[in-house]
Amino acid sequence: MKVQDWRAGFKVIYPVLLGYIPLGLACGMLLHDAGFSTLAILLMSLLVFAGASQFMAASMVAMGATTPAIIIMVFFLNLRHSLMSSSMSNRVKKSSIPFILLFSHTLADEAYAVNYNQFQNHEWSEQKALAANLLAYLTWCISTAIGGVLGSALVVNTVIMNYILISMFIYLLVSQFVSKVVVFVGLFSGVLSVILMLLLKHNIALVIAAILASFVGYFIEDYLAKKKIKGGEWIK
């Protein structure tokens with residue numbers, strides 16, 4: 001990859017990196033508290049690279065869960081990555097096998113959102129996308145390792161990570177607001193999530209809301225396309 005690819009990748013991914021640093025530090029501290037050494041934390045980040053799964057693994061280890069149980073839970077929690085990889089496959093299918101393997105391994109939720117938006121709405125290449133992936137990957141791995149070192153010396157309230165995570169996903173959501181339809185679907189999914197959470201009182205409400213909102217967005221866009229109401233106004 002060229003220097004220009006790294007610069008372009010950094011330009012679009014840096015807000016995610018700013019969120020990854022405190023989250024990675026918090027994750028490293030939690031894993032250290034759960035009994036992981038700094039080397040184990042670094043290897044876990046390099047091999048797994050899944051923040052939510054690493055937070056969950058730390059909690060499960062602290063609760064005394066068995067290794068097979070942790071592996072199964074991490075597998076199902078990361079199953080969504082297969083859908084994200086499938087979505088990106090058309091963008092990188094002409095690349096070499098090592099490139100695709102590295103791209104797939106370093107593809108996380110946040111990097112996927114950023115790269116998907118870039119491919120859809122801007123001039124973007126697979127090299128720039130991989131650069132964005134790698135910058136996020138390295139930032140996360142280094143941050144968690146430093147968190148492991150700090151965990152042995154400092155006691156920090158990791159509740160703040162909830163606010164950091166929400167802020168980062170709000171940024172990713174807003175960056176997707178490229179048309180009125182997308183804005184409507186975003187607001188609709190937010191309202192629907194709150195209503196379903198109040199009714200079901202379970203996190204499955206978020207999954208249901210996301211699926212329903214996706215169908216609503218698809219049907220609205222399909223209806224507008226068939227009626228030729230684009231006019232460069234709603235869909236674009």
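In this predicted model, Phe 49 counts as buried, at 4% relative accessibility. The cut-off for burial is under 20% relative accessible area. Phe 49 sits in the loop between helix 2 (38-47) and helix 3. Its backbone shows a positive phi, near 45°, in a residue other than glycine.

The fold is described next. The secondary structure comprises 11 helices and 0 strands. Along the sequence, the pattern reads α-α-α-α-α-α-α-α-α-α-α. The protein has 236 residues, of which 39% count as buried.

Helix 3 also holds Ala 62. This residue is classed as exposed because its relative accessibility is 60%, and the exposed class begins over 50%. Ala 62 and Leu 30 are separated by 32 residues in sequence. In space, their C-alpha atoms are 9.4 Å apart.

The second largest pocket was then examined. Its volume is about 250 Å³. A total of 14 residues line this pocket. The closest to its centre are Val 48, Ile 70, Ile 71, Val 74 and Phe 75. Helix 4 gives the most, with 5 residues.

Aromatic contacts were counted next. The protein has 8 aromatic pairs. One of them joins Tyr 20 and Trp 140, whose ring centres lie 5.6 Å apart. Their planes meet at 70°, so the pair is edge-to-face; the class requires planes over 60 degrees apart. Tyr 20 belongs to helix 1 (residues 3-33), and Trp 140 to helix 8 (residues 126-151). The pair therefore ties together parts that are 120 residues apart in sequence. Both partners are buried. Tyr 20 has a relative accessibility of 5%, and Trp 140 has a relative accessible area of 3%. Each value falls in the buried class, because that class covers residues under 20%.

A further aromatic group consists of Phe 215, Tyr 218 and Phe 219, which form one cluster. These three residues also belong to a nonpolar patch on the surface. Helix 10 (180-200) and helix 11 (204-226) are the elements that give two or more residues to the patch. Helix 11 gives the most, with 8 residues.

Leu 200 lies in helix 10. Its relative accessible area is 43%, so the residue is partly exposed. This value lies between the limits of 20% for buried and 50% for exposed. It also meets the patch criterion of over 30% relative accessible area.

In summary, the predicted model is built from 11 helices and 0 strands. The Tyr 20 and Trp 140 pair links helix 1 with helix 8. Helix 4 leads the lining of the second largest pocket, and helix 11 leads the nonpolar patch.

How values were computed. Residues are numbered from 1 along each chain as its sequence is written. This is a predicted model: local features need pLDDT of at least 70, side-chain atom pairs count only at pLDDT 80 or more; totals for chains, interfaces and linings use all residues. Side-chain values use heavy atoms; hydrogens and water are left out. Patches are made of residues with over 30% relative accessible area and no salt bridge: like charges are joined within 9 Å, nonpolar side chains (Val, Leu, Ile, Met, Phe, Trp, Tyr) within 5 Å. Accessible areas come from the Shrake-Rupley method with a 1.4 Å probe; for residues, only the protein chains shown count as cover. A salt bridge is a side-chain nitrogen of Lys or Arg within 4 Å of a carboxyl oxygen of Asp or Glu. Helices (H or I, at least four residues) and strands (E, at least two) are DSSP runs, numbered from the N terminus. Buried means under 20% relative accessible area, exposed over 50%, partly exposed in between (1.4 Å probe, protein chains only). Rings of Phe, Tyr and Trp (its six-membered ring) pair if their centres lie within 6.5 Å; planes under 30 degrees apart count as stacked, over 60 as edge-to-face and the rest as tilted. On a 1 Å grid over the protein atoms alone, a cavity is a set of points where a 1.4 Å probe fits but cannot get out, and a pocket is an open set with protein on both sides within 12 Å along at least five of seven lines; lining residues have an atom within 4 Å of a point. Grid points are joined across faces, edges and corners, and a volume is the space filled by probe spheres set on the points.
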